[in-house]
Amino acid sequence: MSRRNWDLPWEEFLATLKPHERPTLPGSPATPDHSTPMRWAYALVGVLVALTGSMGNAAVTANLPQLAGALGVTTTEAAWLPVVFVMTNACMNLLLVKFRMQYGLRLFTEIILIVFLATAAAHLFLNDFGSTLVVRGIAGMAAAGMSTLGILYIIQAFPAQHRLKGIIIGVGLSSLAIPLARLGVNRLLDLDQWRAFYTFELGLVLMALAAVYALKMPPSQRIRTFEKLDFVTFALFAPGVALLTAVLGLGRIVWWTEAAWIGWALIGAILLLTAAVIVEYNRSNPLIDLKWLAGGDIVRLTLAILLVRIVLSEQTTGAVGFLQQMGLGPDQMRGLFLVMLVATAAGTAVSALTLNPTKLWKPISIALLMIAVGAFLDSHATVLTRPAELYFSQALLAFAAAFFIGPTMIIGFGKVLQGGGKHMVSFIVVFSIGQNIGGLTGSALVGTIQTLREKFHSNQLAAHINLGDPETVLRLQQLGGTYAHVIGDAAQRQGVALRLLQQQISQQAQVLAYNDVFLLISGAAAVGAAWVALNHFRPRIEARRAAGRQAQAQAAAAASSAD
């Protein structure tokens, strides 16, 4: 197809398209049969845009202590930075999907890229915490559009029969950001601290901007979609989700019962979300179709997304947190991060290559089973465990994280298309919030359970320490003896030995607590795998039972007619 046709009025342009080239939904671009060089070009631009949109938050999340030091704030204050990003990112698709439908893909693309460019440039000139917090919030909004844009470009790279594989690859690209950030950002920080990374991010955005303007996507259908009540719903729903995000992201850090604002934020979230539900439930054309979301298939899909995101926190919060507690730094975990990166890429590729639209629940069950095995292997950690011993288990989890995400999105898209596309916003809300809130919930649960179990094991271990026990006395002598050449006073050496013993008890308690968390996650993932498998096979079982009943009825009817 000639690109000159793209400037025709929509109806004339639509007439030039073959049936398989037409947009699936309003706001989505047409998918003409591009030449092979053009397909590669779209693929490269899609990869660039997707990684550009996700690298900033991945770098902040992976290197939060260093960023706290650069801004001169505590780690508790710095924890607001990724939380604010999620606050705005989780809800922005409520408006962005309808914006694409009503105002077209090109205007959507231009606005998203310009806003993202502005946020990247702003980081170079802002050094205070408050301004950085605002910029991270704006970046969350822009990143929601960047991820969508990356997927749409990747889809253009695939012919019609392989377009679902393009969706899986496009969605899976965002999973590469965290291991890439852990591997590469430290080298940039060594050059010129965070200014070096911000310069790098700005360069990525400029490259993406140039690439998108040089290689535009085909036109999309535009329809009038916005209603006044949409903005009322957004004004209630967005702050409600933001407050819930703050509770989940900060609760385990400031501790749930110690900070009064946690309770007030939770109350505010419940009130605002309830008000949004009331508004939407009574609308004839709702922004979020609650009745559709309450359907059995969508509820099961939502629960599956939440479950997988929660148990995957074993990797992001569990394993990495465990190694940090053992005193390992980022440089000592580079090999582990490389394994995660390769396994994530492999998971995305295998998911795309093995895609079977009739068995989309199967990859989710397999992913949960892999998480169960990986977490179980990690539950045998000791104080001597090092990254090399976690390569296999963490590769399983990284593979599973990329393996499940594409099929879940395709399941949702299938349900949207069955309804004629009118539930697109509702599904995007479920998928986006499930991913974001699920991840925060998992981190909150893992962190909370680990803290509680650490206190329990510390008390248990301390209760068994008897200073009159000969083994304890010998251990204290060994610990104190290492300082005999620098501390001459025996009483001081005894005090140092007691502190060292307490540190060893605390370290052992940390290990036992993490092992408890890993074992709990393993059990939850195993139960989830069985539940998803049951849902996968249930239609077949019911069909066989129905066929059996029908055969029995036919046999009975034949016997009665013979009589």
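Predicted model: local features only at pLDDT ≥ 70, side-chain atom pairs only at ≥ 80, totals over all residues.
**A friendly note on helix contacts, rings and cores**

1. Who is the partner of Tyr42? By the ring-pair rule, the count comes to five aromatic pairs. In one of them, the ring centres of Tyr42 and Tyr153 are 5.8 Å apart and the planes stand at 40°, so this pair is tilted. Tyr42 belongs to helix α2 (residues 36-62) and Tyr153 to helix α7 (residues 129-156), so the pair ties together parts that are 111 residues apart in sequence. Tyr153 is buried too, with a relative accessible area of 1%.

2. Rings also meet elsewhere in the model. Phe322, Tyr514 and Phe518 are linked into a cluster by ring pairs.

3. Next, have a look at two helices. The axes of α5 (residues 80-103) and α6 (residues 105-123) come within 7 Å and cross at roughly 130°. Angles over 145 degrees would count as roughly antiparallel and those from 65 to 115 as roughly perpendicular; α5 and α6 are therefore oblique to each other. On the α5 side, the contact is made by Leu96, Phe99, Arg100 and Tyr103, while α6 brings Leu105, Leu107, Phe108, Ile111 and Ile112. Sorted by class, the contact of α5 with α6 has eight nonpolar residues, no polar ones and one charged residue.

4. In soluble globular proteins, nonpolar side chains tend to be buried together. Here the largest nonpolar core has 93 residues, and the members touching the most others are Phe237, Phe322, Ile364, Ile371, Met424 and Phe427. Helix α17 (residues 391-418) gives this core its largest share, 15 residues. Another core, of 60 residues, lies apart from it, and includes Leu124, Met146, Tyr198 and Leu250.

5. Which residues does Phe427 touch, not counting those up to four places away in sequence? They are Trp292, Leu301, Thr408, Met409, Gly412, Phe413 and Val416. Phe427 is also one of the residues that touch the most other members of the largest core.

6. Finally, a histidine to look up: His457 sits in helix α18 (residues 424-463). Is His457 buried or exposed? Its relative accessibility is 12%, so His457 counts as buried, the limit being under 20%. With neighbours within four places in sequence left aside, His457 is in contact with Ala509, Leu512, Ala513 and Asp516.

Technical notes: Residues numbered from 1 in each chain as written. Heavy atoms only, no water. Axes fitted to C-alpha atoms, helices over the stretch in contact; angles between N-to-C directions. Helix = DSSP H or I, 4+ residues; strand = E, 2+ residues; numbered from the N terminus. Parallel < 35°, antiparallel > 145°, perpendicular 65-115°, else oblique. Contact = heavy atoms within 4.5 Å. Nonpolar A, V, L, I, M, F, W, Y, C, P; charged D, E, K, R; others polar. Phe/Tyr/Trp six-rings, centres within 6.5 Å; stacked < 30°, edge-to-face > 60°. Buried < 20%, exposed > 50% of the residue type's maximum accessible area, 1.4 Å probe, protein only. Core = buried A, V, L, I, M, F, W, Y, C linked by side-chain atoms within 4.5 Å.
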